[in-house]
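Hi everyone, thanks for coming.

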Amino acid sequence: MQYNAKAPYIVETHWQIEEVLDGDSIIICHRFTQMKKEIRLYGLDAPEVKLNRKMMEDEEKSSLPAQLLLQFGLQSLHFVLSVAPPKTVVTIITEQENYYDYWNRQLGYVILPGGECLNDLLLINGYAKATQNYYCGRLAEYQMMNRQAQLNQLGIYSFVKSF
């Protein structure tokens with residue numbers, strides 16, 4: 001994972017995944033203080049796992065039926081559960097200049113015990129798409145990862161050209 005040297009980062013250790021909400025959001029719990037918070041993954045968007053307002057927007061934008069998008073959302077959720085199940089110890093890296101999203105959730109790169117970045121894994125394997133809605137310093141790199149997954153028809157891209 002390459003970090004932009006200009007952007008100061010906040011690194012938080014001693015967290016573990018409490019719950020995987022969907023393909024792009026998790027609840028983490030501090031291993032010592034038991035404090036909990038939601039982390040929204042930087043630079044990507046995974047399909048929803050519930051019928052909600054965003055699902056309706058995604059349905060309109062993608063021209064794919066909500067029921068199909070829901071299946072894709074569940075695939076993305078299962079992918080995250082397979083690489084980062086609850087109790088996985090993680091490090092959260094947040095860009096100081098870009099700490100919260102519109103909904104006041106902390107944004108983050110989720111680093112797994114083996115050093116892999118969960119954000120990267122979702123994009124590389126085609127279970128999320130790069131988006132500027134949750135901007136990050138690695139957006140251009142994320143767009144390339146996304147395009148490669150699309151061209152290789154990985155993950156959700158094995159069923160549709162875009163979502």
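Let's take the surface of this predicted model. The accessible surface of the chain comes to about 8,500 Å², and carbon and sulfur atoms account for 53% of that area. As for charge, there are 15 positive and 18 negative side chains. How far apart do the centres of the two sets lie? The answer is 2 Å.

Now let's go inside. Of the 163 residues in the chain, 51% are buried. If we take the contacts with a separation of 6 or more, 58% of them are between residues 24 or more positions apart.

What about the overall dimensions? Along the principal axes, the C-alpha atoms fill a box of roughly 45 × 30 × 30 Å.

On to the fold elements. The chain has four helices and seven strands. In what order do they come, starting from the N terminus? Reading along, we get β-β-β-β-α-α-β-β-α-β-α.

Last, the annotation. An unreviewed UniProt entry gives "domain: TNase-like" for residues 11-159. That span is 32% helix and 28% strand, and the C-alpha atoms at the ends of residues 11-159 lie 37 Å apart.

Methods
Residues are numbered from 1 along each chain as its sequence is written. This is a predicted model: local features need pLDDT of at least 70, side-chain atom pairs count only at pLDDT 80 or more; totals for chains, interfaces and linings use all residues. Side-chain values use heavy atoms; hydrogens and water are left out. UniProt positions are given in the numbering used here, feature names are shortened, and annotations may be inferred rather than shown by experiment. Helices (H or I, at least four residues) and strands (E, at least two) are DSSP runs, numbered from the N terminus. Buried means under 20% relative accessible area, exposed over 50%, partly exposed in between (1.4 Å probe, protein chains only). Contact means heavy atoms within 4.5 Å. Accessible areas come from the Shrake-Rupley method with a 1.4 Å probe; for residues, only the protein chains shown count as cover. Lys and Arg count as positive and Asp and Glu as negative; His and the chain ends are not counted. The place of a charge is taken as NZ of Lys, CZ of Arg, CG of Asp or CD of Glu.
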